[in-house]
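This report is meant for someone meeting the structure for the first time. Please keep the sequence and the model in view while reading.

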Amino acid sequence: MKENNKWEIISHSLEPSQLMVDETLFHTANGYLGVRGNFEEGYVDQYDTIRGAYINGFYDISEVKHGEKLYGFTESKQKIINITDVQGIQLFIAGDRFSLFEGETLAYKRTLDMQAGVVKRHIEWKSPKGHILEIDILRMASFVKPELFLIDYTIKSINYEGEIVLVSTQIGEVSNYFNPNDPRVAAEAEKHLTVTQIRREADIDLVYSETNASNLKVTSAVKHVVSTRCHIESTSDKSSLTSKIKFNIKLGATERLIKYCIFTDSIRYSDCNQSALCSMYEVTEMPIQKLYESQQAYLDSFWKVADVVIEGDETLQQGIHFSVFQLLQSVGKDKYSNIAAKGLSGEGYEGHYFWDTEIYMLPFFVLTDQKIAEGLLSYRYEKLDEARKNARIMGHQKGALYPWRTISGSECSAYFPSGSAQYHINADIAYMFVQHYLVTKNVDFVINKSAEVLFETARLWMDTGHYIEDTFRIDAVTGPDEYTCLVNNNYYTNVMAKYNLKWAVKFYEVVKKYGDITHLSQSIGLTEEEVSTWEEAYQKMYLVYDEKLDINPQDDTFFSKARWDFSNTPKENYPLLLHYHPLHIYRYQVCKQADTVLAHFLLEDEQKLSTIQNSFEYYEKITTHDSSLSTCIFSIMAARLGDTHKAYDYFMQTTRLDLDNTHHNTKDGLHTANMGGTYMGMVYGFAGLRIKETGIYFNPIIPEQWDNYEFKICYQNRMIKVHMSKERCIFELSQGEALIIDVWGNKYQLIDTIIIDLDKRKESENA
Ligand code: BGC
């Protein structure tokens, strides 16, 4: 169905089931604002739709109901809410209402243009009375002016002369989508937004709304600009505004309506009503072409650094562009927001931020746009107090525990075994602060933010773990694999906690050397003695290992469990979480996603290669990949272990997951971590990039299906271009000072360009 065009996603589908998927794939977002790809004119009544628009980090609070509520259980949660619906435009021609499901659709094409940052619909339509129109609708969420979303609606008359009526709406009465049978979306219908006032100021229509429980405000403003003389009749009721726009069209002529929509909220703006008006004046004063040009310029400079090029496979290239573009559409660029599990494309996971950000999405930003990366890390720094509070709720005297899922900083997980018990999120966040330091060598950031985060997360491990037989152990936590819950010594958690503790000690030294350790220590009550306890704990961290099998078991009891009976599990019973009671799943050796294998990717120097290899083979057989965070990691590790075919197969499953709706729930929003995983599959997988304290390493391979691939990364004030073909690997230093890089185990000094023949790889394999 999708045409192969590496910069465009194209759909011709009007199938009811695909329409909801396309609402997600063709959403327009800019990190602040996201609008689903609903049709302006709607579908037909019996078709399902998730009609919505969202602001990143803009939430309401709802009660979490527990049948049996025990101490410390989450009582309330934040959720992203659907805001004013500005998408509506109905077209009437000689009494016929335009709909793709009435009259005759002569041509229909929807395009996401990832170079220009716009979504277009091109329609050729014959009305029931036989009048033919060409309708082109363009949508844009501006990256330069994030409060702006616009609909640029043009109508060309082919065989009609007379009146056209456009009815444009702004509807304040909106609610969120729900499905009581799917734990991945909200279970109940709730009303979250109440319109407090509607106003018309000159030719700007305004809707003021307030959330029901979180006391936040949002303002939406709409202005219509029409290309020809028209008559506008405005009406309103208590929660919506309608503009009936009438004009005459000549035979063969084209007329145009631009619907400018502005959203502002009280989290970011002290007076969001006034800010909405000001923004509207600002954007409507300039020619629209300027807005398109600024979008284009923004994207040109984005792609210049962020593009990952593959030659030899257009379909895959399209998937990679899509992933990278969606990361940009999803990422919050201020300290109030982060990246939701579904970006701004839908309501799945209720707009919550998870560990997905640090382990799957931040790598892309750290390597391509450090300002955005620092914004994401700063968000965690800003939420440190909330994480301290969360730690106290969970019974810890000291330290900070980041919530498993959240928007404003407190825990929103209602099911603790596979939610709040995932303490590894603390170490994941710490890991990314360390990666940021290794990539940027930004000491000021460590002094001002990273050190405190690492100290407080390190403290949490000390408060959670304990010593037995002179080893430090961590009990009753859940690792990344959500099919195995509440275990002792989850390998992933322990090895990541070890790293967290180790780097807390190192950051202590960095601040001591370059900053004001006395001030920081005093502010959080830290002593040198306490730091030395971190050192001892990481040195004595217990990492579960089975000597006979030369494998890291996932946790203390994983290998003594029965294996899941895969051969008698019907295909339609996947994902298992929708078909089996969780307790049933927990009793078996079955993994939802990469767990130990992920630990081996993130911290490969902790184990021998043979252990990594054996573990990979073991876990591969029992992993269902029911989570979209899994295949990318298996691809990276297959590449690490030299199995290019397998790496390629897993990568193919990763890259087009949403485009081909392979998890069957793209309608609820994109799998944004998987988008980050696609990028990682290229850079850490095929190119074998690792950034360690000892330097930068590459171990590139290339699948036989591709001719070559290429990407750029920013590293310690440098820009390095990597180009890999079947014959050689070329590294180019396009910016910054010379450095030593490690390629296939050999050191090279990169001054401007080095070309390394594939024979070198063979040599290093034979050595
Ligand atoms: C995965 C988690 C992930 C969450 C949000 C779940 O299905 O198991 O690891 O954080 O989705 O993407």
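## Basis of the description

This is a predicted model, in which local features need pLDDT of at least 70 and side-chain atom pairs count only at pLDDT 80 or more, while totals for chains, interfaces and linings use all residues. Residues are numbered from 1 along each chain as its sequence is written, and side-chain values use heavy atoms, with hydrogens and water left out.

## The ligand and its surroundings

The distance to an N or O atom in the side chain is 3.0 Å for Tyr349 and 2.7 Å for Gln593, and a polar side-chain atom of Trp355 lies 2.9 Å from a ligand oxygen. On its own the ligand has 310 Å² of accessible area, and the protein covers 93% of this, as computed by the Shrake-Rupley method with a 1.4 Å probe.

## Cavities

The structure holds 2 cavities of 30 Å³ or more, a cavity being a set of points, on a 1 Å grid over the protein atoms alone, where a 1.4 Å probe fits but cannot get out, and its lining residues having an atom within 4 Å of a point. The largest cavity has a volume of about 70 Å³, and its lining includes Glu358, Tyr431, Phe601 and Met680. Helices H5 (356-368), H8 (424-440), H14 (596-602) and H18 (672-686) each give two or more residues to this lining, which divides into 8 nonpolar, 1 polar and 1 charged.

The second largest cavity holds about 50 Å³ of space, and among its lining residues are Gly37, Arg110, Lys120 and Arg139. Strands S10 (118-126) and S11 (132-141) each give two or more residues, and the lining divides into 2 nonpolar, 2 polar and 5 charged.

## Two backbone features

Most residues other than glycine have a negative phi, and most peptide bonds are trans. The peptide bond from Tyr574 to Pro575, however, is cis, with omega near -5°, and Pro575 is found in the loop between strand S23 (562-563) and helix H13 (582-586). Lys441 has a positive phi, near 55°, and is found in the loop between H8 and helix H9 (443-464). Helices (H or I, at least four residues) and strands (E, at least two) are DSSP runs, numbered from the N terminus.

How values were computed. A polar contact is a pair of N or O atoms within 3.5 Å; within protein, one must be able to donate a hydrogen and the other to accept it, and residues adjacent in sequence count only if both atoms are side-chain atoms. On a 1 Å grid over the protein atoms alone, a cavity is a set of points where a 1.4 Å probe fits but cannot get out, and a pocket is an open set with protein on both sides within 12 Å along at least five of seven lines; lining residues have an atom within 4 Å of a point. Grid points are joined across faces, edges and corners, and a volume is the space filled by probe spheres set on the points. Ala, Val, Leu, Ile, Met, Phe, Trp, Tyr, Cys and Pro count as nonpolar, Asp, Glu, Lys and Arg as charged, and the others, Gly among them, as polar.
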